[in-house]
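Subject: Structure handover

Hello,

Here is the structure we talked about. Please open it beside this note; my findings follow.

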Amino acid sequence: MIGTQDNENTIMVSSLAMDMAANSMPSSSEELDFSNTQTVDSANAPVAELVCLDNDSLTEGQQGLTYHLTSSENIVGRDKTVQFYIDSRRVSRQHARIYSAGGHWWVEDLGSVNGVWVNDQRVHKHMLRGGDVIRFSVIPFLFKVDQSAESVVQDEKTLQAKKTKKNALLLWSLVFLEMLVLAGIIYYFIGGEKTWF
């Protein structure tokens, strides 16, 4: 269940949704804690999740792994203290970070041995789009975006662009009008006819 909280301009992910997400997570209590409601700042990025595409590359307890991006910065790695724990020796302890900036989600390699790949291209830092396939070493995840949240962010950007364009047009109209008035005043004082338009 997704709703908007007026006083903080955030998209809230309800406890019910977090409980559902926790059921698809590994059972270890040392991993992610979904007991409290978490938020994603709607000014930063849309609600998104990572879904593992290859259960064979995961240990038995992690098959069906899905991570919900609920904070503005998330570390991925095999260290059990990171937000997105992957139980694989091919993944570095702190392999990558996924964070929000400028209304988008980004992935950044944190110096991992086996690399971060987006759509089969090795990357150091990359802006993510819905449908991208991210590999941490050899383990692929699908980057999914809540389309309704993404469209709200896009609508806000489109509205802001239209306002900016309208303000620029108004400004140039005023400049042109001032130039016309100034030209008329100069013409009047230099010796043109002593009548106004």
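**The core and its surroundings**

The largest nonpolar core has 27 residues. Such a core is a set of buried Ala, Val, Leu, Ile, Met, Phe, Trp, Tyr and Cys residues joined through side-chain atoms within 4.5 Å; buried means under 20% relative accessible area, exposed over 50%, partly exposed in between (1.4 Å probe, protein chains only). Leu-50, Ile-98, Val-107, Phe-136, Phe-141 and Phe-143 have the most contacts inside this core. Strand 14 (139–145) is among the elements that give two or more residues to the core. With four residues, strand 14 gives the most.

This is a predicted model: local features need pLDDT of at least 70, side-chain atom pairs count only at pLDDT 80 or more, and totals for chains, interfaces and linings use all residues. Residues are numbered from 1 along each chain as its sequence is written, and side-chain values use heavy atoms, without hydrogens and water.

Strands here are DSSP runs of E, at least two residues; helices are runs of H or I, at least four; both are numbered from the N terminus. Strands pair if DSSP finds at least two bridges between them. Strand 8 (residues 96–101) and strand 9 (residues 104–109) run antiparallel, joined by six bridges. Ile-98 has Val-107 as its bridge partner in strand 9. Gly-102, in the hairpin of these strands, takes a positive phi near 60 degrees. Strand 9 also runs antiparallel to strand 12 (residues 125–127), with three bridges. There, Glu-108 stands opposite Lys-125.

Phe-176 lies in helix 2 (residues 147–190). Its 55% relative accessibility makes Phe-176 count as exposed.

Best wishes
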